[in-house]
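Colleague: I have a model open and want to learn how to read it. Can we go feature by feature?

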Amino acid sequence: CSSDLQAYSRKSGTVKVIPGKESEGVWFGLNPGHLPFEVSRVDDPAKWKAASEHLGHATARYREVLKLEPENLSARLGLAWCLLLVSCATLSARWIWNTLMLDGRFRIAVKTPWRFGVFVLAWGLSSAGHAIVPLGYQSHDLIVMALLCAGAWHSARAFRDISDRPRASSEAAAGTCFGLAASCKVMPVLFLPTLVAERRWRAAAWMAGCGIACAALFDLVAWLTTGRAHLLAWLRLAAGGSDLTTSGGGRWGAWNPLNQSGTGILTRLMVPTPPGMQLGHECMLVQLSEPARRVVLAAWVLLIVACLLFVAWRTSLAPLSRARRQGCAEALHALAGVGACACAYLLVAPHASNYHFAPVAIASAAMLGWLLTRGRDLALLACLVLMIGIELTPGRDVLGGRLTDIKLAYGSVGLCALAGFVGSLRVMARCARPEAQPS
């Protein structure tokens, strides 16, 4: 007895679910255990109908969201979509470079050939992989990345503008960029409390207004074309809290190594490794009950957000006068602030695949900018070495599927975001001190 489970999206395919061999199923060409929801065996014929209806309900909820996801634009726009993503990647690199060039010491440093070469090499080794993966998946994360980089550049200009009018327009432009990013992807909404903590009221107001307006417009278009609102569909899909071990209802499965968010990594360390993964290795460090896991995950989210907001508040340059900001590395501070917030939302998100991690490049650029211009910092150097080391680790073609899944289970990609988060907070703290020297 077998049943066909149709997977809905631009990579749609058919999954054979055979009783007793559920773990051998394939979804979107991925390995067992990568299903977005769990499929388990049902031996009682009286339950077959209910199980079939439950499975149909779960796939319907996924289809409901996938129809409205920006990723589906790739199938409709084809080559134009690919060119748009490449343009966004190029613009992101350009905006990061322009932000760094606002720092006088960086402009002087990169005129030395070996320093310029070190920057390009180290930045490429730590970030190129994160930027290339979204191109392969044709993900709209590169659009979000470009908006964040543009926001970083406008933020840096706002800190450096002497007169009030240019500074106000730069703050408005930065808030608009962050608002657009949040309307494209929910998690960048974390920039809003960060702007409030930095006491950048104008940027926060523009972000809130622009984000709400764009999200409402998109939902209106989605409702007129499909009869469903994207926000409501997303809320239904995400219902059930941050504990990823709860199965069914269209939520991510209990043990998914593709989930590299901080919450996903912690979950895998607190639940037994499914035998169907065929890893031959137990990744669990400590087994906790579901209520205990929820407490741990909630504490993790609160810790990351609290650290971000505390550092943003303590190191904010916005309340300072131009004279008091002399000696502070304003451009590096703005770039590191965006990098820290981007890494933070990757660490607290319910789910983050490897193609979501392009913004890690912002954090690594800020760390390199400090190291090249203001001397050694062992903490920053350690974070950067960790990011480069993980990026240079061989992939599935060399290690094979089993070792790669073990590496992912322990959160190899997520560790890059954690290193970027810690390093960016360090840069923010160092840049806010007058000994950073005038730029």
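**Reading helix packing**

Modeller: Start with a crossing: H14 passes H15 in a left-handed crossing. Keep in mind that this model is predicted.

Colleague: Which residues of H14 and H15 make the contact?

Modeller: On the H14 side they are Val-360, Ser-364, Met-367, Leu-368, Trp-370 and Leu-371. H15 brings Leu-380, Leu-381, Cys-383, Leu-384 and Met-387. Sort the H14–H15 contact by class and you get 10 nonpolar, one polar and no charged residues.

Colleague: How do I describe a helix pair in general?

Modeller: Two packed helices are described by the angle between their axes and the distance between the axes. Now this case. H14 covers residues 360–373 and H15 covers residues 378–392. Their axes come within 10 Å and cross at roughly 135°.

Colleague: At what angle do H14 and H17 pack?

Modeller: At about 45°, with the axes 9 Å apart. H17 spans residues 412–431. H14 and H17 are therefore oblique to each other too. H14 passes H17 in a left-handed crossing.

Colleague: Which residues of H14 and H17 make that contact?

Modeller: From H14, the list is Val-360, Ala-363, Ala-366, Met-367 and Trp-370. By class, the H14–H17 contact has 10 nonpolar, three polar and one charged residues.

**Backbone and cysteines**

Colleague: What should I expect of phi?

Modeller: Most residues other than glycine have a negative phi. Now the case here. Arg-199 has a phi near 60°, a positive value in a residue other than glycine.

Colleague: Where does Arg-199 lie?

Modeller: In the loop between helix H8 (191–197) and helix H9 (201–226). Arg-199 is partly exposed, at 28% relative accessible area. Along the chain, Arg-199 and Ser-316 are 117 residues apart, yet their C-alpha atoms are separated by 7.4 Å.

Colleague: Are Cys-184 and Cys-383 buried or partly exposed?

Modeller: Cys-184 is partly exposed, with a relative accessible area of 33%. Cys-383 is buried, at 11%. You met Cys-383 on the H15 side of the contact with H14.

**The whole chain**

Colleague: How many helices and strands are there in the chain?

Modeller: There are 17 helices and two strands. The chain has 439 residues, and 48% of them count as buried.

Colleague: What share of the contacts comes from residues 24 or more positions apart?

Modeller: Count the contacts with a separation of 6 or more: 72% of them join residues 24 or more positions apart. Arg-294 is found in helix H12 (residues 290–314). Arg-294 is partly exposed, with a relative accessible area of 31%.

Technical notes
Residues numbered from 1 in each chain as written. Predicted model: local features only at pLDDT ≥ 70, side-chain atom pairs only at ≥ 80, totals over all residues. Heavy atoms only, no water. Helix = DSSP H or I, 4+ residues; strand = E, 2+ residues; numbered from the N terminus. Buried < 20%, exposed > 50% of the residue type's maximum accessible area, 1.4 Å probe, protein only. Axes fitted to C-alpha atoms, helices over the stretch in contact; angles between N-to-C directions. Left-handed = near helix turned anticlockwise from the far one by under 90°. Contact = heavy atoms within 4.5 Å. Nonpolar A, V, L, I, M, F, W, Y, C, P; charged D, E, K, R; others polar. Parallel < 35°, antiparallel > 145°, perpendicular 65-115°, else oblique.
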